[in-house]
Structure formats: C-alpha cells, structure tokens
Amino acid sequence: MSNITKTSLGKLSTGKEIFSFRLKNSSGAYCDISDYGGCITNIILPDRNGKMDDIIVGYDTVQSLEDWGTFFGKLVGRYANRIGEAKFTLNDVTYNLEKNNGENHLHGGSCGFHKKIWDSEIKDDKLILSLFSPHGEGGYPGNLKVKVIYSFDENSVLRIEYEAVSDKDTPANFTNHAFFNLGGLDCETVRDHEMLINADYITSVKDRACIPDGKLMKVQGTPFDFRTFKKIGEDIDKTEECAQLLYGNGYDHNYVVKGWDKTLKCIAVTKENVSGRKMETYSDMPGVQFYSGNGLGNYPHTKGKKGVPYTTHQAFCLETQFFPDCVNNPQFPSCIIKAGEIFKTVTEYRFSID
C-alpha cells in the first residue's frame, strides 16, 4: 500500500498557504501533488539501474507555480483544450467565454481549475481534491461540484479519477496537463522518445489557431502515424509536406482513440531507451491531445526546476479528453452532462521499466 504525507509548500502572493501531498510506494517511487491547481509537481521513478529521477517538467517554487506555471501539471477545466470563437450554444442559449487564446477559449480560461486551491482529504491511501465552481464562472452554466481522486499504487500506477455533477446541463471536459520527460531532469529533449498511439485518425485543424475543422484525418501515410513505435522527432520537422504540422508547430493535435467504447483501455505507450522507463497511458475518453512541447523554448527567462530554463521539445503531454471544440461540432462525441447526472472518467499513467 502507498502512503501519503502532507507538507507546506509556502504561501501564494495572496498570503494563502498551499500544501503538497506525497504519494509513495514501497519501492521508493513517489508523486508530489499540490492542492494549488491539483498540480503534479514531481514524479520520482527509478531507471533500469535503479537510479531515481524526476520525470515531470514543471516548476519547483510557489512563486513559479503561481506566476509562470500556467497549466504545467495542473488540472484543467471546465473545458480542456480549445473552444472556437470562445462561445457555444446549449439548449438554445449562447454562452460567451473568455478569449484567452487569440479569439478562442483555452483550458477553461485564465481563472480555471488550474488557478484554484482545491479542498483536500486523505482517505484510504487516496488524495481526494474537491472544488465548487459556481454558475456563470468562466461563462459556463451550472453550479458544478468536482472531485478528483489521485492514487499511486505498488506497481507505480498513477490513477486519476474525475467526478462531477451540475444543477444545469453543462460541458464537462477535464484533464491533467502534465509535461513528461522519461529521461529525467537532465534529458534535454524528448525527440528520441519512442511513441505509440492507438489511433487511426486525428481531428484536423483549420490553421495555426488549432481549432478543429470538424473533420477526421487519417494518420496513415502522414507524420501523425504513431500506430507503431516511432521516435517523436522522426517526422516532426516535415512541416513543408504536412500543413497540420505547420499549424501546430509540431504535434499539438487530438488523436481519436481507436475502438472507443467508454471502457478503460491503453491509448498510448511511450518509451525512453537510455533510462529504460516506459509509460502506458490508459483512459476511457474518446481523445488524447499529443503535444510535443513545441512552445517550451519561447520563454528563455522563465526558470524551471533547478533554475534552468526549458527548451523546445523538452517534454511531451498526453492529455486525455473529449475532442477540442466538440461543443460546436455535434458530429463529435458529446461532453455535455445533464443536470443531476454524475459524470465519471478515469485516466491512468502506468510506469515501468522496459
């Protein structure tokens, strides 16, 4: 059984104290999770030689978590990913959201789940984080109660369970925005990581704003084909022959999970051959956003862990989700929950040595 310890991280600029929770198993591997944004700040795992290292690219001070952390490692809601023109219509009512990504809405807005201090409870070796989002917050309908349950077991499986209920029909599209580098903190790029994604299609996007065009694009014969293991960097620079890569400045696209049936299944596997670390991503969601860390080098003055700035492609994300802009694309799986309906979803990151 894992065990959980609680320590103070310090105070935000508001003077509010925030805390970190360490979920540890008997092998010595552990995850650190903050009540600020529900943020995964560290995941410490052994390599094939038993050497422990941190595979989370993020921030290690309260100030950086607050000022520069944006979505790094944090819970995202009410709507993960983008909503075109920052609006949607539900039950004949149009809801206008914050435009925080050009003319579009991204990850619930600037005051979404990632900016909240979540209520916390430790129960049965699980960390339970809870949040109340009132009707109208961020422009969304419904008084929404959200619960996120973190656990980390003896097999080094990080399990994230999401639960929500609203008193009005509303979108419910949550994720965790962890940035991974299985090579550890000194590994400068994930381009040599090998990736497999169980998807035959992506949701193609219109332009550099990365809003879906409403269509599905076959990955076969394109740089987006990860149906068998391939290095992340193998085709990432082929922007001249693939407009979709140009629009995302690399991989920043939603993959359509093959055979989605709302059950928990393996949707991606990532391997780093120097350390031997492997991560299997399991989810019951219809999509996963694969982001190859294209923008990490855009902030040379932003210091990461150990005070070192991050560089382009130093980490990757696999954000389990409903499709981006599905609220404006009725042909996509719906993320709308009915009033009083209990919404549940699960994501697991299963770590091992290959």
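Predicted model: local features only at pLDDT ≥ 70, side-chain atom pairs only at ≥ 80, totals over all residues.
## A tour of pockets and cores

By class, the lining of the largest pocket holds 13 nonpolar, 16 polar and 5 charged residues.

Move to the second largest pocket, with a volume of about 270 Å³. It has 15 lining residues; pick Trp260, Lys262, Phe322, Ser334 and Phe343, the closest to its centre. Then show β26 (336-337) and β27 (343-353), which each give two or more residues to the lining of the second largest pocket. β27 gives the most, with 3 residues. Here the lining has 9 nonpolar, 2 polar and 4 charged residues.

Now the cores. The largest nonpolar core has 73 residues. Select Ile43, Tyr150, Phe180, Tyr255, Phe290 and Phe316, which have the most contacts inside it. Strand β13 (residues 144-152) gives the most to this core, with 5 residues. Zoom in on Tyr255: leaving out residues up to four places away in sequence, Tyr255 touches residues including Ile197, Tyr201, Phe226, Pro286 and Phe290. Another core, of 9 residues, lies apart from the largest one; among them are Tyr59, Phe72, Tyr291 and Ala315.

Last stop: Lys278, in strand β23 (residues 277-283). Is Lys278 buried or exposed? Lys278 counts as buried because its relative accessibility is 18%, and the cut-off for buried is under 20%. Beyond neighbours within four places in sequence, the contacts of Lys278 include Leu182, Val269, Arg350, Phe351 and Asp354.

Note on methods: Residues numbered from 1 in each chain as written. Heavy atoms only, no water. Helix = DSSP H or I, 4+ residues; strand = E, 2+ residues; numbered from the N terminus. Buried < 20%, exposed > 50% of the residue type's maximum accessible area, 1.4 Å probe, protein only. Contact = heavy atoms within 4.5 Å. Core = buried A, V, L, I, M, F, W, Y, C linked by side-chain atoms within 4.5 Å. Nonpolar A, V, L, I, M, F, W, Y, C, P; charged D, E, K, R; others polar. 1 Å grid on protein atoms, 1.4 Å probe; cavity = no way out; pocket = protein on both sides within 12 Å on 5 of 7 lines; lining within 4 Å. Points joined across faces, edges and corners; volume = space filled by probe spheres on them.
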